[in-house]
Amino acid sequence: MSDDSSVCPRCGVGCRLAPGDNARARGVVGPANPDASLCQSGIAAYDSDRERLTQPIVRRGDDQRSVSWETAYDHAVDRLLAVRASHGPDALAFLGAPHCTNEENYLLQKLARLLGTNNVDNRARACHVSMTRALADRVGWAATTNPLSELLDSDVILVAGANPAERQPVAFNSFVRPAVNAGATLVHIDPVGNRTTRLASHHLAPRPGTDALVFDLLSATIIDKPGGVDTEFVEERTRGYEAFADSVGIFDWERAVAIADVDTAALETVADHVADADRVAALVGTGIEGDDGDAANALLNLLLATGNLGRPGTGVYVLRGLVNEQGATDAGCVPDWLPGQQPVTDPAARARVADEWGIEPPAKPGKTASELLESFGREVRGAVVVGENPAVSKRDPDWLDSRLGSLDTLIVCDLVASRTTRHAEVVFPVAAGTEKTGTVTNIDRHVQRSEPTVEPPSGTQSDRRVLCELGERCFPDEFFFAYDDAAEVFAELTRVAPTHAGISFDDLDGAGRQWPFSEQRLYADAFGTDDGRAVFTTVTTQVDRGSHSVDNGSHDVDSDSHGINHGSDSHDVDREDNEGLTLVVGGRASEIESDPSASDTRLRIHPDDAAAYGVSDADTVRVSNGEADRETEIEVTDRIRPGTVYLPASVADVFLRGESSTVTVGPSSIPNDDSA
Ligand SMILES: Nc1nc2c(c(=O)[nH]1)N[C@H]1C(S)=C(S)[C@@H](COP(=O)(O)OP(=O)(O)OC[C@H]3O[C@@H](n4cnc5c(=O)[nH]c(N)nc54)[C@H](O)[C@@H]3O)O[C@H]1N2
Ligand SMILES: Nc1nc2c(c(=O)[nH]1)N[C@H]1C(S)=C(S)[C@@H](COP(=O)(O)OP(=O)(O)OC[C@H]3O[C@@H](n4cnc5c(=O)[nH]c(N)nc54)[C@H](O)[C@@H]3O)O[C@H]1N2
Ligand code: SF4
Ligand SMILES: [Mo]
């Protein structure tokens with residue numbers, strides 16, 4: 001039996017909680033928060049001032065009416081079936097649902113596929129698609145490899161493009177901090193120093209977008225060290241090593257150092273640590289996603305060459321953002337994967353689904369979320385959006401409004417009115433994560449049962465109920481959506497998805513259960529590839545890209561151990577070319593969040609750059625990329641690379657929409673005390 005606690009809806013760590021005093025949550029012991037701790041965001045999980053939707057809405061043109069649930073269901077189904085009848089099944093799109101349960105994601109993709117389309121995706125995968133696809137293609141599964149608890153056994157922990165001290169704080173404090181306190185070496189790879197860096201003994205601050213080169217440089221250094229490569233592991237458990245080693249052999253080390261602009265001594269020290277350690281684990285976030293998978297592939301090569309996969313204390317941790325981002329993928333809200341990450345192109349996988357459903361899902365992969373958005377109003381005429389807000393995005397909001405507005409019909413399930421619900425023809429008001437029963441899967445594949453710990457507002461229903469009602473009305477003569485409860489949906493998921501085979505809803509107590517049922521750590525005996533071997537790739541990164549005239553005179557901006565290690569004075573290079581400052585963004589947020597850290601909207605800038613641009617600490621400045629500008633306060637700090645500036649996503653949005661990630665900084669046009 002499960003205890004009376006929910007899984008925290010605020011992030012993918014998956015801490016357990018229940019209501020405490022004064023509208024605050026209290027932690028309940030779970031696999032991700034073994035000492036029952038919560039972060040500030042989790043403590044505020046029940047505390048929302050957002051006005052909830054409590055009645056279904058139907059809108060045609062300017063006419064908006066609150067309607068009964070029956071009317072809303074009938075109207076939504078009429079409209080979806082009309083689109084399908086006139087334009088075919090691929091004119092429908094389904095966007096779900098990393099905020100929702102595994103069961104709800106399963107139902108959403110089942111509805112899409114029974115209606116005849118694989119156009120189902122979840123947008124949040126955009127945050128980690130490079131790393132997860134590299135894992136799926138080369139070792140087996142799009143998921144974190146080892147349990148969080150094994151970080152306590154790691155000798156070296158590499159954190160790249162992530163800030164878990166602030167973004168996954170309970171996982172960081174429960175597993176990384178104690179490991180470091182017990183002697184593990186923490187290496188932070190990030191152009192910007194942050195709270196994670198404070199615990200690190202080494203900080204490599206490469207030029208943004210050059211992480212692949214950093215990992216290749218580490219591999220190249222380790223291959224040259226006697227005993228650096230784990231030859232036994234490479235021979236027994238991998239393939240493609242020779243080609244990889246050859247490509248490393250012709251890799252231009254000096255040029256790569258110059259482009260990544262990392263300090264060679266620091267790099268060699270880190271390479272020594274990785275080569276000497278028995279157990280190396282890597283934690284990756286959104287910061288290494290910008291290069292089409294080069295960084296992810298280079299990191300996997302490094303870990304494979306050193307034998308750091310499939311053993312305790314090793315592996316890759318994908319620091320997924322939203323509560324059920326892993327589960328949305330596992331349950332099949334992916335255009336080319338059926339439940340259990342099975343390719344839709346695989347006849348055996350389709351047959352397994354057909355056995356259960358009585359109908360075979362279509363074989364042709366659907367469109368991804370961004371392709372779907374592009375197609376709205378053209379090939380795609382109707383959409384069902386469950387717990388996503390595509391209208392809020394890095395893309396131009398007017399463009400998105402026009403895309404959503406061009407659909408024949410849009411059906412949305414949400415807790416609150418949003419920019420997306422404004423375009424909806426039918427809005428279903430639903431229950432939140434802490435108000436419903438179901439399972440969610442956290443960053444280390446723990447499938448946990450979440451029980452309602454507060455009453456949903458009267459007038460709402462769960463997403464599960466809504467999807468079943470829609471499904472039953474789409475197929476009135478069938479029993480495709482005749483489930484009594486979440487347990488029945490979960491049971492079907494475990495029959496269809498090989499990843500979840502053997503897990504029973506009733507056995508999911510407060511401790512949860514990792515998929516696959518039989519092993520906590522993936523790849524202990526074999527990798528999930530056809531021949532059971534992990535696959536090397538060759539070094540694909542181009543060391544000759546860019547035209548930086550780099551001077552190799554190494555200089556350290558900061559001699560204390562927390563200071564950043566970058567190599568040459570990139571800042572001079574950048575300014576000589578009159579390139580402006582490279583903008584780096586972190587703190588990507590989900591709207592659901594009333595994030596305490598989001599209040600820091602300052603631009604971080606290195607003292608040399610501040611001097612060059614004539615601005616001082618705490619000034620309000622104008623940041624511009626030529627297309628857009630923003631006023632914001634600045635923090636002058638040496639924990640950022642010269643030539644690079646940092647902004648939280650909430651402020652950086654206007655710049656991310658453009659092509660250029662280069663900005664300039666100048667005096668504000670508004671008086672300082674009147675700042676944004
Ligand atoms: N409190 C709170 N926590 C959250 C969330 C929230 O809203 N509030 N949201 C959750 C969500 S949805 C997500 S996706 C996660 C995000 O979790 P993270 O990915 O850990 O969070 P970010 O702060 O976006 O970190 C991105 C980091 O990448 C760095 N970076 C940028 N460019 C590069 C580069 O080229 N190379 C390297 N090596 N680093 C680079 C940035 O400096 C930044 O430190 O956080 C989750 N956690
Ligand atoms: N401009 C901008 N764009 C961003 C980011 C940013 O910082 N700035 N961050 C990026 C990142 S990291 C992410 S992960 C994405 C997040 O993108 P989205 O997932 O699209 O956005 P969210 O605001 O997290 O949530 C979408 C909606 O889900 C609803 N919701 C919450 N729980 C439930 C539930 O149980 N059921 C239903 N039906 N609805 C629910 C919320 O009320 C909200 O309206 O955005 C990305 N895009
Ligand atoms: S770390 Fe994430 S799951 Fe845990 S309490 Fe904080 S927001 Fe919730
Ligand atoms: Mo995210």
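In this predicted model, two helices each supply at least two residues of the shell around ligand 3: α1 (40–43) and α6 (169–181). The shell includes Ser41 and Gly42, as well as Pro169 and Val170. Cysteines also take part, namely Cys8, Cys11, Cys15 and Cys39.

Ala36 is found in the loop between β3 (25–28) and α1. Its phi is near 65°, a positive value in a residue other than glycine. Most residues other than glycine have a negative phi, and most peptide bonds are trans. A cis peptide bond was found as well. This bond runs from Trp515 to Pro516, with omega near -10°. Pro516 is found in the loop between β21 (513–514) and β22 (534–535).

Helix packing was examined next. Two packed helices are described by the angle between their axes and the distance between the axes. Helix α8 spans residues 211–223, and helix α10 spans residues 241–249. Their axes come within 10 Å and cross at roughly 100°. Angles of 65 to 115 degrees count as roughly perpendicular, and α8 and α10 are therefore roughly perpendicular to each other. On the α8 side, the contact involves Ser219, Ala220 and Ile223. These residues meet Tyr241, Phe244, Ala245 and Val248 in α10. The contact of α8 with α10 comprises six nonpolar residues, one polar residue and no charged residue.

Charged side chains pair elsewhere in the model. The structure holds 30 salt bridges. One of them joins Arg52 and Glu435, with a distance of 2.8 Å from N to O. This pair links distant parts of the chain, as its two residues are 383 residues apart. Arg52 lies in the loop between α1 and β4 (57–60). Glu435 lies in the loop between β18 (426–429) and β19 (438–441).

At the level of the whole chain, the division is into three domains. Domain 1 is made of two segments, 48–124 and 323–514. Domain 2 covers 129–318, and domain 3 covers 577–675. The C-alpha centres of domain 1 and domain 3 lie 37 Å apart.

Notes: Residues are numbered from 1 along each chain as its sequence is written. Chains are lettered from A and ligands numbered from 1 in the order in which they are written. This is a predicted model: local features need pLDDT of at least 70, side-chain atom pairs count only at pLDDT 80 or more; totals for chains, interfaces and linings use all residues. Side-chain values use heavy atoms; hydrogens and water are left out. A residue is near a molecule or strand if one of its heavy atoms lies within 4 Å of it. Helices (H or I, at least four residues) and strands (E, at least two) are DSSP runs, numbered from the N terminus. Axes are lines fitted to C-alpha atoms, for helices over the stretch in contact, and angles run from 0 to 180 degrees between N-to-C directions. Angles under 35 degrees count as roughly parallel, over 145 as roughly antiparallel, 65 to 115 as roughly perpendicular and the rest as oblique. Contact means heavy atoms within 4.5 Å. Ala, Val, Leu, Ile, Met, Phe, Trp, Tyr, Cys and Pro count as nonpolar, Asp, Glu, Lys and Arg as charged, and the others, Gly among them, as polar. Domain bounds come from an automatic or database domain assignment. A salt bridge is a side-chain nitrogen of Lys or Arg within 4 Å of a carboxyl oxygen of Asp or Glu.
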